[in-house]
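Please walk me through this structure. I would like to follow its charged side chains and then its aromatic rings.

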Amino acid sequence: MENTLVTGCAGFIGFHLSKRLLDEGRPVVGVDNLNPYYDVNIKKARLAQLEGRPGFRFLKVDLADRESMARLFEESSFPVVVNLAAQAGVRYSLTCPEAYIDSNLVGFGNVLEACRRHGVKHLVYASSSSVYGGNTRMPFSTHDSVDHPLSLYAATKRANELMAHVYADLCGLPTTGLRFFTVYGPWGRPDMALFLFTQAILEGRPIDVFNHGDMRRDFTYIDDIVEGVTRIMEKIPHSNPDADNTQPDRSRAPFRVYNIGNSSPVELITFIETLERKLGKKARLNLLPMQPGDVPATYADVDDLARDTGFKPSTSIEEGIGRFVSWYRHYYHL
């Protein structure tokens, strides 16, 4: 079988996707720059789960390095590329914008150009629910305009979608963007709420709860995200001269955008109470105002995903948080 390129393979989603593909006997070339935005040790630990497995090859590559990216595509053929590498984090984009420009704009541009030059059959790339920004209509639909981002991170993800459309339209490169909604689960990112809350509660420290807890999130379990990605990988978009060229999520070009979310928003306080039950320990709450760039609620409309792939995320937070806590205790020997 031909290689699948997975960028960001040492990241949360990239690791789980790579593992899933290898479990299915599909060879993976994984690249990552192992940047220190969060603890590199967990990235190396994820990578250690992949290295040595038949069909896996790792290369330390920065997407913003044009020459290294060109060399990568010259040395291997990739019919499918899944771009999950990016500078993550909404709040960090307020203090370190250059990291987002380098990785999410320059790096993604290099991915697009390499895919064009080497005839990639399908580029699947990570977008984000943050592109909905100031939208107030619920649930968030890919059919709605998303032109009012509230953070540079969100703006770069929306820019990725627009850049992908240009390459789909002008170059015929089939591209599919996936707007992920608050992904959580084992091997999750240490900068995300579930990881931070778990660590603080077990250490007896208060947890920061923004907007005084009046927030809802469409928490989506990692296995559901990976299932959605693998199904989309096989669903290559095609040109359609009769399509409505005014829709934000599709056009006459081989271009599509989908939400992947649980489509079941959960109150933040309910999320915390579930975590308390799984840990067997109460949390101390430090109630704070809304942070810049944040939104009070997210809610994914996944009707298009369900119609086109036959799949809809459904893992409950009770089950998902339980699996995370089990992993966390095992990983940190607690």
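**Charges and rings**

Arginine 256 is buried, with a relative accessible area of 14%. Buried stands for under 20% relative accessible area, exposed for over 50%, and partly exposed for what lies in between, with a 1.4 Å probe and protein chains only. The model is predicted, so local features need pLDDT of at least 70 and side-chain atom pairs count only at pLDDT 80 or more, while totals for chains, interfaces and linings use all residues. Residues are numbered from 1 along each chain as its sequence is written, and side-chain values use heavy atoms, with hydrogens and water left out.

Arginine 256 has a charged partner. Aspartate 304 forms a salt bridge with arginine 256, and their closest N and O atoms are 3.9 Å apart. The pair links distant parts of the chain, 48 residues apart: aspartate 304 sits in helix α9 (residues 303-309), arginine 256 in strand β11 (residues 255-260). A salt bridge here is a side-chain nitrogen of Lys or Arg within 4 Å of a carboxyl oxygen of Asp or Glu. Helices (H or I, at least four residues) and strands (E, at least two) are DSSP runs, numbered from the N terminus. Aspartate 304 is buried too, at 9% relative accessible area.

How many salt bridges does a search of the whole structure find? The search gives 28. Another of them joins glutamate 276 and lysine 282, with 3.4 Å between the closest N and O atoms. Glutamate 276 is buried, at 10% relative accessible area. Lysine 282 is exposed, at 65%.

Next come arginine 277 and glutamate 318. Their side chains meet in a salt bridge of 2.9 Å, N to O. Arginine 277 lies in helix α8 (residues 268-279) and glutamate 318 in helix α10 (residues 317-331), so this pair ties together parts that are 41 residues apart in sequence. Arginine 277 is exposed, with a relative accessible area of 51%. Glutamate 318 is partly exposed, at 33%.

Salt bridges can also be linked in a network. Arg20, Glu24, Arg26, Glu227, Arg231 and Glu234 are linked in this way.

Now turn to a surface patch. Asp62, Asp65, Glu67, Glu98 and Asp102 form a negative one. Patches are made of residues with over 30% relative accessible area and no salt bridge; like charges are joined within 9 Å, and nonpolar side chains (Val, Leu, Ile, Met, Phe, Trp, Tyr) within 5 Å. Aspartate 102 belongs to helix α4 (residues 97-117). Aspartate 102 is partly exposed, with a relative accessible area of 42%.

The structure holds 26 aromatic pairs. One is formed by phenylalanine 108 and tyrosine 125, tilted, at 5.2 Å centre to centre and 55 degrees between the planes. Phenylalanine 108 lies in helix α4 and tyrosine 125 in strand β5 (residues 122-128), so the pair ties together parts 17 residues apart in sequence. Rings of Phe, Tyr and Trp (its six-membered ring) pair if their centres lie within 6.5 Å; planes under 30 degrees apart count as stacked, over 60 as edge-to-face and the rest as tilted. Phenylalanine 108 counts as buried, at 2% relative accessibility. Tyrosine 125 is buried, at 1% relative accessible area.

Tyrosine 328 and tyrosine 332 form a tilted pair as well, 4.7 Å centre to centre with 45 degrees between the planes. Tyrosine 328 is buried, at 4% relative accessibility. Tyrosine 332 is partly exposed, at 31%. Which residues form one aromatic cluster? They are Phe15, Trp187, Phe195, Phe324, Trp327, Tyr328, Tyr331 and Tyr332.

Methods:
Areas by Shrake-Rupley, 256 points an atom, 1.4 Å probe, with all protein chains shown as cover. Lys, Arg positive; Asp, Glu negative; His and termini not counted. Charge placed at Lys NZ, Arg CZ, Asp CG, Glu CD.
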